[in-house]
Structure formats: structure tokens, C-alpha cells
Amino acid sequence: TPIVASSLPGYTIVARAGRDAVLVEPGDAHALASAIADLLISPQRGRELVHAGEGRAQEFSMERLAERYIELYKTIL
């Protein structure tokens, strides 16, 4: 499912606007509705967001995070 969300700081750290998700100003119901409508009339754009989002999500998977921690621990040791 393509992501449409408010551009809150926590979301903007993870979801890259225009690449992984459509981010709109918090509290702007019109922008939110417009973004959703745009994706409903452009299924290809939705598929592009989903594809990019899946790749981005893998960067935050538990397996990837564990790999990062292992590397950090090796550096410290």
C-alpha cells in the first residue's frame, strides 16, 4: 500500500517525501485528500511508491539493524 502521511519529524526521518511516500503538511486535510485521490487515479505512481517503500523498509528491518549493531560492537572492541 502506498504511504500517505503527515510530514511529522518522525515520519520524515524514515519516509523520503516523493520517493517512499507522499508527505503532506500536518493538519492539512485538503492536501491529505488530494494526495490520496492522486494515488487512486494514478495506480502506477502508487506501485512506484510501494516498490521504493519496500526497499526503504528493509533498511530498518531487525536483521539490518542487528548487522549495524554487530559492526558497531566490532569497532568498539
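In which helix is R56 found? R56 is found in helix 3 of this predicted model.

**Figure 1. Overall fold of the predicted chain.** The chain contains four helices and two strands, which follow one another from the N terminus as β-α-β-α-α-α. Its radius of gyration is 16 Å, well over the 11 Å given by the globule rule for 77 residues, so the chain is more spread out than a compact globule. The C-alpha trace spans about 50 × 25 × 15 Å along the principal axes. Of the 77 residues, 16% are buried. Among contacts in the chain with a separation of 6 or more, 44% are between residues 24 or more positions apart.

**Figure 2. Packing of helix 2 against helix 3.** Helix 2 covers residues 29-41 and helix 3 covers residues 43-58. Their axes lie 5 Å apart and form an angle of about 105°. Because angles of 65 to 115 degrees count as roughly perpendicular, the two helices are described as roughly perpendicular to each other. On the helix 2 side, the contact consists of L39, L40 and I41, which meet P43, R45, G46 and L49 of helix 3. These residues divide into five nonpolar, one polar and one charged.

Figure 3. A polar atom of the R56 side chain lies 2.7 Å from the backbone oxygen of V14. With neighbours within four places in sequence left aside, R56 is in contact with I13, V14, R16 and D20.

Definitions and conventions: Residues are numbered from 1 along each chain as its sequence is written. This is a predicted model: local features need pLDDT of at least 70, side-chain atom pairs count only at pLDDT 80 or more; totals for chains, interfaces and linings use all residues. Side-chain values use heavy atoms; hydrogens and water are left out. Axes are lines fitted to C-alpha atoms, for helices over the stretch in contact, and angles run from 0 to 180 degrees between N-to-C directions. Angles under 35 degrees count as roughly parallel, over 145 as roughly antiparallel, 65 to 115 as roughly perpendicular and the rest as oblique. Contact means heavy atoms within 4.5 Å. Ala, Val, Leu, Ile, Met, Phe, Trp, Tyr, Cys and Pro count as nonpolar, Asp, Glu, Lys and Arg as charged, and the others, Gly among them, as polar. A polar contact is a pair of N or O atoms within 3.5 Å; within protein, one must be able to donate a hydrogen and the other to accept it, and residues adjacent in sequence count only if both atoms are side-chain atoms. The radius of gyration is taken over C-alpha atoms; the globule rule is 2.2 Å times the number of residues to the power 0.38. Buried means under 20% relative accessible area, exposed over 50%, partly exposed in between (1.4 Å probe, protein chains only).
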